[in-house]
Amino acid sequence: MKRFVALQLGVTVLFAALVVVVFGGGDEPAARWWVALALFALVLAAGAFVSRAWSRPGPLAVDDPTPQETSVRRLSSHVARSFLVLEIPLVLSAVLGLAGLIGGAVMLVTVVAALAALVFGTWPTRRNVDRFATALERDGASSGLREAFVR
């Protein structure tokens, strides 16, 4: 799981750097800074949504024959959805840069904030895994997630 997240973060950092370098040139009109604020607000909204989602999965079935496998699969799906949500500001920034509506400084504000949100929102830290496992174990089933991430 951690390798997957690290790989995804690495690819996203490369994409973001490429977008800023290729589309971030040119003059930066002062009137475009409202776009930076809007994109930053979008990053904050996506980050808040993903942060709350760590404790919202439905509970596991008590009679699940392979609870740890089911839990890891559901955690993987959650991380993939989190990447999707948190990359929306990056993609929107790339589209606006391609259209020439924003320049490098505005893109840089969005990219740095979005990458920070990606790291904190998708990395399976002990806190995030505990929150996810607690939500899965609401009905009394054992998820085995904590044990899976101790290694």
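Which residues are buried in α2? In this predicted model, the buried residues of α2 are Val35, Ala36, Leu39, Val43, Ala46, Val50 and Ala53.

An α-helix has 3.6 residues a turn, so residues three or four places apart point the same way. On the face of α2 that is turned away from the buried side lie the exposed residues Trp34, Leu37, Leu44 and Arg52.

The buried residues of α2 are covered by elements that include α3 (67-86), α4 (88-98) and α5 (104-122). The length of α2 (residues 33-53) can also be checked: its 21 residues, at 1.5 Å a residue, should span 30 Å, and the end C-alpha atoms are 30 Å apart, which agrees.

## The nonpolar core

The largest nonpolar core has 37 residues, and those with the most contacts inside it are Leu75, Leu90, Ile102, Leu118 and Leu145. Each of the helices α1 (2-23), α2, α3, α4, α5, α6 and α7 supplies at least two residues of this core, while α5 gives the most, with eight residues.

Leu145, one of the residues with the most contacts inside the core, is in contact with Ser71, Val72, Leu75, Val129, Phe132, Ala133 and Leu136, when its neighbours within four places in sequence are left aside. Among these partners, Leu75 is itself listed with the residues that have the most contacts inside the core.

## Salt bridges around Arg146

Side chains of opposite charge can pair when their charged atoms come close. The count of salt bridges in the model comes to two. In one of them, Asp130 pairs with Arg146, the closest N and O atoms being 3.1 Å apart; this pair links distant parts of the chain, with Asp130 in helix α6 (residues 126-136) and Arg146 in helix α7 (residues 145-150), 16 residues apart.

Terms used
Residues are numbered from 1 along each chain as its sequence is written. This is a predicted model: local features need pLDDT of at least 70, side-chain atom pairs count only at pLDDT 80 or more; totals for chains, interfaces and linings use all residues. Side-chain values use heavy atoms; hydrogens and water are left out. Helices (H or I, at least four residues) and strands (E, at least two) are DSSP runs, numbered from the N terminus. The expected span of a helix is 1.5 Å times one less than its number of residues. Buried means under 20% relative accessible area, exposed over 50%, partly exposed in between (1.4 Å probe, protein chains only). Contact means heavy atoms within 4.5 Å. A salt bridge is a side-chain nitrogen of Lys or Arg within 4 Å of a carboxyl oxygen of Asp or Glu. A nonpolar core is a set of buried Ala, Val, Leu, Ile, Met, Phe, Trp, Tyr and Cys residues joined through side-chain atoms within 4.5 Å.
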